[in-house]
Structure formats: structure tokens, C-alpha cells
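The sequence and structure come first.

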Protein chains: 2
Amino acid sequence: MRGVVMYEPGDVRVEEREDPRIIEPTDAVIRLSATCICGSDLWPYRGVEPADHQVMGHEYVGVVEEVGSDVRGIRVGDFVVGSFVISDNTCEICRAGYQSRCVHASFVAQAIGTQSERARIPYADGTLVPTPGQPDPELIPSLLAVSDVLGTGWFAADAAQAGPGKTVAVVGDGAVGLMGVLAAKELGAERIIAMSRHADRQELARFYGATDIVTERGDEGVERVRELTNGLGAHSVIEAVGTQESMMQAIRSTRPGGHMGYVGVSHNVELSGDELFFSAVHLHGGPAPVRRFLPDLIRRVWDREIDPGRVFDLSLPLEKAAEGYRAMDERRAIKTLLTL
Amino acid sequence: MRGVVMYEPGDVRVEEREDPRIIEPTDAVIRLSATCICGSDLWPYRGVEPADHQVMGHEYVGVVEEVGSDVRGIRVGDFVVGSFVISDNTCEICRAGYQSRCVHASFVAQAIGTQSERARIPYADGTLVPTPGQPDPELIPSLLAVSDVLGTGWFAADAAQAGPGKTVAVVGDGAVGLMGVLAAKELGAERIIAMSRHADRQELARFYGATDIVTERGDEGVERVRELTNGLGAHSVIEAVGTQESMMQAIRSTRPGGHMGYVGVSHNVELSGDELFFSAVHLHGGPAPVRRFLPDLIRRVWDREIDPGRVFDLSLPLEKAAEGYRAMDERRAIKTLLTL
């Protein structure tokens with residue numbers, strides 16, 4: 001089959017990869033209907049993380065082609081959405097809603113690489129959720145978004161306790177930040193402040209429910225959020241970048257006693273215990289347990305309550321994956337969908 | 001009046017200080033019935049924080065002697081318990097339960113110093129809570145404990161979401177850690193692991209409800225907590241020290257998705273964003289909003305449901321405060337009560 005391999009930072013190729021097959025009786029093999037490039041794929045692309053002939057991709061939707069003998073909840077022919085972390089969904093950690101830290105967790109990104117035609121999914125019963133039927137083609141981008149960016153933005157909004165009566169600030173205007181805006185809106189937030197300097201992203205943020213835009217960054221951005229919240233800071237802040245600056249911007253934008261949900265994969269961040277202590281904020285985040293939210297989010301997409309698929313502003317055939325990486329790296333695209 | 005002044009680290013004296021008087025119409029002046037020395041007073045005593053002729057003390061109970069013209073809820077003659085942070089208890093932050101970050105917050109420690117015969121308490125209506133009547137003398141140590149160590153341990157247990165079905169680990173066997181054990185027990189925790197190497201403190205931890213004792217520290221301590229929790233870590237962890245080692249011990253002892261409540265005043269702590277991210281724990285803490293818990297905790301003491309006063313294992317007259325500091329510094333005492 002064809003699939004994306006990153007030879008080294010900046011060098012993305014589509015080439016023949018070995019066809020996946022059932023190895024464990026709990027596996028399924030799916031044929032992808034669509035896949036995409038994630039903001040986090042840019043970390044190795046830019047050399048911030050290593051890359052050495054690494055298979056790429058961790059977002060996926062598709063049709064089940066084959067299942068192992070122990071798979072019970074998934075059948076051949078089902079259209080499924082999966083999380084970017086494999087989980088058994090039965091251990092004590094999964095049952096508490098933290099499937100991304102399942103005792104059998106593994107990252108699809110490193111082990112599988114779903115920027116490809118087909119993929120083997122371990123623990124299929126615990127990782128995949130079937131849709132109510134075969135989706136209309138126009139629903140596929142939104143179902144694909146559920147697999148990571150929407151699930152992650154939703155987790156951030158949940159961790160930040162976005163809800164009725166709350167003012168929510170969102171640090172980061174990438175796809176996850178925009179999905180955080182959507183989630184905050186769906187969860188009933190009263191006011192949503194999107195922090196963005198790019199006109200196209202501001203527009204999409206407003207489409208998804210942002211009521212205010214703050215273009216300033218760092219401490220100036222914090223000051224603007226304070227001005228908009230009687231000097232107190234936002235009740236809920238979503239962090240969707242992962243840098244020192246964005247983390248501090250998020251913590252300082254949160255009022256004492258407020259909640260900060262962080263989902264930007266952390267890179268070279270050091271938090272001062274002293275500042276954290278006196279901030280009195282709640283901090284929660286990490287790799288999103290997307291599996292917890294899949295049934296609810298699939299239903300919202302299926303019923304056309306939400307349209308997360310609009311976050312894809314570039315669509316290319318899998319064979320042109322390298323161009324998709326370039327477009328995102330140069331900020332010409334928010335998120336690239338790869339068709340199959 | 002007589003009061004404690006720390007001339008410099010290690011040099012504690014009791015000397016004449018100016019008598020407090022009403023300055024603002026929202027003030028009250030109280031005559032202290034008892035006061036005490038806090039573990040956090042040892043930071044300047046040991047030179048970790050600066051001390052230059054600093055008035056000391058932030059825990060207090062006593063009888064109201066005089067009130068300003070705007071004070072409504074407190075009367076002359078009332079026996080009152082106060083928080084170690086002044087709060088108006090009416091601002092938006094206070095109403096959300098974060099009185100320690102009130103828009104009018106100030107620290108009793110720096111501004112007032114209650115290791116003294118009398119004290120002026122600003123925002124008396126928002127800071128002080130009267131007891132149902134004049135307390136029996138044997139209740140006074142417990143009411144004094146409410147003012148900080150119990151209120152702080154309670155906040156940590158609340159932040160760690162200690163409760164029915166939960167395994168709670170407590171890092172730190174000082175007075176606040178021991179009060180964290182008591183709070184976890186009262187909140188219904190199923191299992192309470194006290195981390196302590198000192199026999200006297202282990203005994204008190206068991207008295208307050210600890211079901212297990214772990215004597216190891218650092219990563220060995222973490223390993224022991226994991227062994228006691230099916231390899232997963234505790235649901236809830238209380239941190240009551242404030243060092244790099246104790247913070248990492250606490251974070252690593254918490255299971256993914258679990259809650260870590262930290263109240264040890266942070267000193268030279270740097271948290272790696274990367275480790276925090278993948279830990280997937282909830283982190284919350286800071287200066288405890290004791291005022292939130294005062295009515296409930298006073299009632300529990302008044303009804304003799306709890307006996308936090310046992311945490312005082314040394315009692316000295318105010319004039320002998322220096323000996324009290326020495327005893328705590330040398331770990332001969334857990335906590336020193338100063339009589340008046």
C-alpha cells in the first residue's frame with residue numbers, strides 16, 4: 001500500500017509500505033476513507049522532534065476490512081472513527097475516562113502511521129467507534145476531525161470547565177484552538193475570546209462561536225484578556241500550542257480559582273512552582289482521551305449539529321502529502337485533508 | 001503590647017510592639033486567646049526567605065475588643081477564628097471560593113503578625129467567623145488549627161478530590177500533611193497513605209486516619225505508592241512540603257486522570273511541561289482559601305467531631321517563642337502553640 005514516510009525533518013515522501021494484516025486477535029484492519037496532517041506533525045517536520053524514516057499520521061476514519069477472532073463490537077464493513085491513542089477501554093484508567101493513558105496505550109503516530117491507504121488498529125473494540133451507518137461523503141471531513149483535533153479541543157474545553165456563564169479564552173488559533181472555540185460554544189460558554197493574529201483564522205473562530213478577538217500575544221495578550229474580564233482573567237482558558245510563551249499566556253489569563261486546560265504538546269516548557277502556586281489556577285491537560293468523547297461527538301456530527309470539518313482548508317490526494325506539509329509549515333493552510 | 005519580631009534568620013525576639021487600633025471602619029481589633037508557629041515560619045527562620053525585623057505569625061483566635069463603624073457581622077466580645085489571608089468575602093473571586101486571592105487580599109503574616117497579644121484585622125466581616133459562643137478552653141487549640149493548618153490541609157484534600165472510594169496519598173508529615181490526612185478521612189476516603197519517616201508523626205497520622213505508612217521518599221516512595229495501588233498510583237495526592245522533590249513525588253504518585261492538591265509554599269520548584277503533560281494529572285493548589293471552609297470546620301470542632309488540636313505537641317508562653325521556633329526547626333516539635 002501507499003503511505004507517508006518522513007525520511008528526516010522536512011523530507012516527506014509517499015512510498016510503498018507493507019500491507020497491514022491481523023497480528024493479534026483483538027486487531028482490526030481498516031481501509032482509510034480520508035486522513036490528514038496534524039499540527040503536531042510539524043514538530044518533527046521542523047526538526048524540533050527527531051524524524052528518521054518515521055511513518056506518519058494518527059488521524060483516521062475508514063471502513064473495516066478484517067477483524068481478529070476476539071473482536072466483538074466492530075464488524076467488517078462498519079464505518080469507524082478511532083482515537084489517536086490505542087486503548088482497551090476496559091482498564092481502571094479507561095473506565096475513569098483517561099483512555100489516552102490506558103494501561104495498554106500506544107500512540108498511533110509512532111506505531112502505525114495512518115497517512116496511508118490501510119492501517120492495523122490494535123484493541124479495535126476499545127479504540128474504534130462505528131458510525132450509525134455509512135456516512136454521506138460531505139460528513140467525512142467532520143468525522144475525521146473528531147479523531148483528534150475536535151476530540152482534543154473538546155477535552156481542553158472540558159478540562160478548562162467551559163460552560164454556561166463562563167468566559168473562555170483560547171490561546172492558539174490552529175485547528176485544535178479553533179475546535180476549542182467550537183467546544184466552548186457547544187458547552188454553553190457565555191463569552192469566547194479567541195487569541196489570533198491571522199484574519200482567516202479569526203473569521204473561522206467567529207464562525208465557531210468566538211465573541212471577541214485578541215490579537216496581542218504574551219503579557220500584552222494577558223492584559224487585554226484582563227481588560228475584557230473586569231481585571232480578573234477568564235474563568236476558563238484553553239492552551240493549544242505547547243510553548244513556554246503560550247503556557248504562561250494561558251496561566252496568566254486565568255483568574256484565581258479558574259481552570260486552564262492545556263493540550264498543545266509541550267516543548268521545552270518549564271513552569272515556575274512559585275508562580276503556579278500563587279496563581280491558584282486549576283491545571284489539567286495532556287494527550288486528550290478522545291475515546292471518551294467519540295460517541296457523543298460522532299452523534300453531534302451525524303445530526304449535523306456541528307461542522308468541525310470546516311477546519312480543513314486544503315484538500316490534496318495522499319500522493320501530494322509533501323505539499324500538504326509545506327502548506328501548513330508556511331501557514332498557507334490551517335489543516336490539510338488527504339484524500340484516498 | 002508584646003509580640004514576636006524576627007530580626008534576621010534564626011534570631012527571634014519577643015518585644016514591645018505598638019498597640020493595634022482601628023484605622024479603617026471595616027477593621028476589628030482582637031485580643032488573642034492563643035497563637036502559634038507555622039511550618040512556613042521556618043522558611044525565613046532558616047534563611048530560605050529574607051527576614052529583617054519582620055513581625056511574625058498569621059494564625060489566630062481571640063476575642064473581639066473593638067470594631068470599626070462599618071463592621072456588621074462581628075461584635076465586641078465575640079470569640080472569632082480568622083483566615084491567614086484578609087478577604088472582603090464579597091468580590092467575584094471570594095464568591096467563587098477563592099478568598100485567598102480576594103481583590104482586597106493581604107497576608108496576615110507580612111502585614112499584621114499575630115504572634116502577639118492583640119491584632120488589627122482588616123475587612124473583619126469578610127475575614128473573621130464567630131464561634132457559636134465562648135469556647136471551652138480545651139477547644140482552643142483545635143479552633144486555632146482551623147485558622148491555617150486544618151484549613152490548608154482541608155483545601156489540599158478538596159483540591160485532590162479526596163472522597164469515597166478514593167485512595168489518597170499524603171506527601172509531607174508536618175502539621176499540614178497530618179491535617180490533610182484528617183481531611184481525607186472526614187471526606188470519606190477509603191484508603192489513606194501517609195508518607196513519613198518519623199515514628200511520632202506516623203502515630204499521629206494513624207490517629208487521624210492513615211491506613212498505610214510509606215517511609216520511602218522520592219522515586220522509591222512513588223514506587224511504593226504504585227505497589228499499593230495496582231501499579232496505577234493514588235487517585236488523590238496531597239502535597240504539603242513545597243520542594244522540587246516533594247512536588248515530583250506527588251505528581252508521580254498520582255494516577256493518570258487523578259488529582260494532586262498542593263499547598264506547601266513553593267520554593268525553587270520548576271515543573272517540566274513535558275512530564276506534566278504526559279502525566280495527565282489534575283493540578284490545583286496555592287494559598288488555601290481557608291475562609292471558604294471556616295464555618296464548616298468551626299462546626300466540626302465545636303461538635304467535637306474532629307480533634308485537629310492534637311497537632312500541637314508543644315505549648316509555650318508567648319515570651320518563649322524563640323524556644324518554640326528552635327524546637328520546630330530541630331524537628332523536636334511538630335507544631336508549637338503559644339499561650340497568652
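A:Thr167 stands opposite A:Arg191 in strand 12 of chain A. Strand 11 (residues 167-171) and strand 12 (residues 191-195) of chain A run parallel and are joined by 5 bridges. Strands are DSSP runs of E with at least two residues, helices are runs of H or I with at least four residues, and both are numbered from the N terminus. Two strands count as paired if DSSP finds at least two bridges between them.

The model is predicted: local features need pLDDT of at least 70, side-chain atom pairs count only at pLDDT 80 or more, and totals for chains, interfaces and linings use all residues. Residues are numbered from 1 along each chain as its sequence is written, while chains are lettered from A and ligands numbered from 1 in the order in which they are written.

**The sheet**

Strand 11 of chain A is also joined to strand 14 of chain A, by 4 bridges, and these two run parallel. There A:Val168 has A:Ser236 as its bridge partner. A:Ser236 in turn is the bridge partner of A:His259 in strand 15 of chain A. Strand 14 and strand 15 of chain A run parallel, with 5 bridges between them. The strand pairs described here are listed with their bridges.

| Strand pair | Bridges | Direction |
|---|---|---|
| Strand 11 and strand 12 of chain A | 5 bridges | parallel |
| Strand 11 and strand 14 of chain A | 4 bridges | parallel |
| Strand 14 and strand 15 of chain A | 5 bridges | parallel |
| Strand 17 of chain A and strand 17 of chain B | 3 bridges | antiparallel |

Strand 17 of chain A pairs with strand 17 (residues 282-285) of chain B, and A:His282 has B:His284 as its bridge partner there. The whole open sheet has 12 strands in the order 13(A)-12(A)-11(A)-14(A)-15(A)-17(A)-17(B)-15(B)-14(B)-11(B)-12(B)-13(B), with mixed pairing. Its edge strands, which pair on one side only, are strand 13 (212-214) of chain A and strand 13 (212-214) of chain B. From one strand to the next the twist averages 20°; axes are lines fitted to C-alpha atoms, for helices over the stretch in contact, and angles run from 0 to 180 degrees between N-to-C directions.

**Helices on the sheet and burial**

Helix 9 (residues 244-253) of chain A lies across strand 11, strand 14 (234-239) and strand 15 of chain A, at about 145° to strand 15 of chain A. Helix 8 (residues 218-227) of chain B packs on the sheet and touches strand 11, strand 12, strand 13 and strand 14 of chain B, its direction making about 155° with that of strand 13 of chain B.

A residue is buried if 20 or more other C-beta atoms lie within 10 Å of its own, exposed if 12 or fewer do, and partly exposed in between, with C-beta atoms placed from the backbone. Strand 14 of chain A is mostly covered, with 6 of its 6 residues buried. Helix 9 of chain B is largely enclosed by the rest of the structure because 7 of its 10 residues are buried; among them are B:Met247, B:Ile251 and B:Arg252.

B:Arg72, by contrast, is exposed, with 9 other C-beta atoms within 10 Å. B:Arg72 is found in the loop between strand 5 (61-67) and strand 6 (79-82) of chain B.

**The contact between the chains**

Chain A and chain B each bring 30 residues to their contact, two residues being in contact if their C-beta atoms, placed from the backbone, lie within 7 Å. On the side of chain A, helix 10 gives the largest share, 5 residues. That side has 14 nonpolar, 11 polar and 5 charged residues. Here Ala, Val, Leu, Ile, Met, Phe, Trp, Tyr, Cys and Pro count as nonpolar, Asp, Glu, Lys and Arg as charged, and the others, Gly among them, as polar.

The copies meet through the same surface, because 100% of the interface residues of chain A are also interface residues in chain B. Chain A superposes on chain B by a rotation of 180° with 0.0 Å of shift along its axis (RMSD 0.0 Å). The two copies are therefore related as by a two-fold rotation axis. The superposition is by least squares on the C-alpha atoms of residues with pLDDT of at least 70 in both copies.

**The domains of chain A**

Chain A is divided into domain 1 (2-150 + 289-339) and domain 2 (153-285), with bounds from an automatic or database domain assignment. Their C-alpha centres lie 26 Å apart. In chain A, 16 residues of domain 1 are in contact with 15 residues of domain 2. Helix 5 (140-159) and helix 11 (290-302) of chain A each give two or more residues to the side of domain 1.
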